[in-house]
Amino acid sequence: MTRSEFDDIRAFLADPATHAGDLLRIARTLIDDLEQARVREAVLRTHYLRLLTAARTTVAADMVGAPDPLAFLTRELAERDQLPEDEDAVQQILSDARTAEALLACMQEEQPQQPPPVVRVRGMRLRRCVGAHRTLPR
């Protein structure tokens, strides 16, 4: 949910013309959204853990001289349909990896700059209304 959607909901809740039924409908929608986000997070964590385990097992198998140390990682990637299909895909993946490595090296060379201090101004808050995806009953 975007910041704008949160702002719209806050404004709707603050509106004295808002009815209890509308509030209940919003609460149900937010609970549904929260549950969906929780499920997505659990799935992503599971995928990440499986990939990390496969990568660690591959390195360990290589360290002990296993005959096919990449088998663990290959199987995990194959289950997710993430293996490169042809030579072009292989070259694209390697090119992306080199680019990412170069970008990380550039980022590490730069001195990290301290962000400017956040100044909180009391009074009326400016609202951003950018691409609200949710419509609220009026």
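**View 1. Helices α1 and α2 pack side by side.** Let's start with helix α1 (residues 3–14), which packs against α2 at an angle of about 155°, their axes 11 Å apart. That angle makes α1 roughly antiparallel to α2, a label given to angles over 145 degrees. Axes here are lines fitted to C-alpha atoms over the stretch in contact, with angles from 0 to 180 degrees between N-to-C directions. The crossing of α1 past α2 is left-handed, that is, the near helix is turned anticlockwise from the far one by less than a right angle. This is a predicted model, in which local features need pLDDT of at least 70 and side-chain atom pairs count only at pLDDT 80 or more, while totals for chains, interfaces and linings use all residues. Residues are numbered from 1 along each chain as its sequence is written, and side-chain values use heavy atoms, leaving out hydrogens and water.

**View 2. The protein has 4 helices and 0 strands.** From the N terminus on, the elements run α-α-α-α; helices are DSSP runs of H or I with at least four residues, and strands are E runs of at least two. Of the 138 residues, 11% count as buried, meaning under 20% relative accessible area, with exposed over 50% and partly exposed in between (1.4 Å probe, protein chains only).

View 3. E35 is partly exposed at 39%, and R38 is partly exposed at 47%.

**View 4. A salt-bridge network includes R50 and E79.** The side chains of E79 and R50 meet at 2.5 Å, N to O. E79 lies in helix α3 and R50 in helix α2, so the pair ties together parts 29 residues apart in sequence. R80 and E76 form another salt bridge, at 3.7 Å; E76 is buried, with a relative accessible area of 8%, whereas R80 is partly exposed at 30%. Salt bridges with shared partners join R50, E76, E79 and R80 into one network.

**View 5. D81 has a positive phi.** Look for D81 in the loop between α3 and α4 (87–109), where its phi is near 55°. Most residues other than glycine have a negative phi. D81 is exposed, at 69% relative accessible area.

Methods. Angles under 35 degrees count as roughly parallel, over 145 as roughly antiparallel, 65 to 115 as roughly perpendicular and the rest as oblique. A salt bridge is a side-chain nitrogen of Lys or Arg within 4 Å of a carboxyl oxygen of Asp or Glu.
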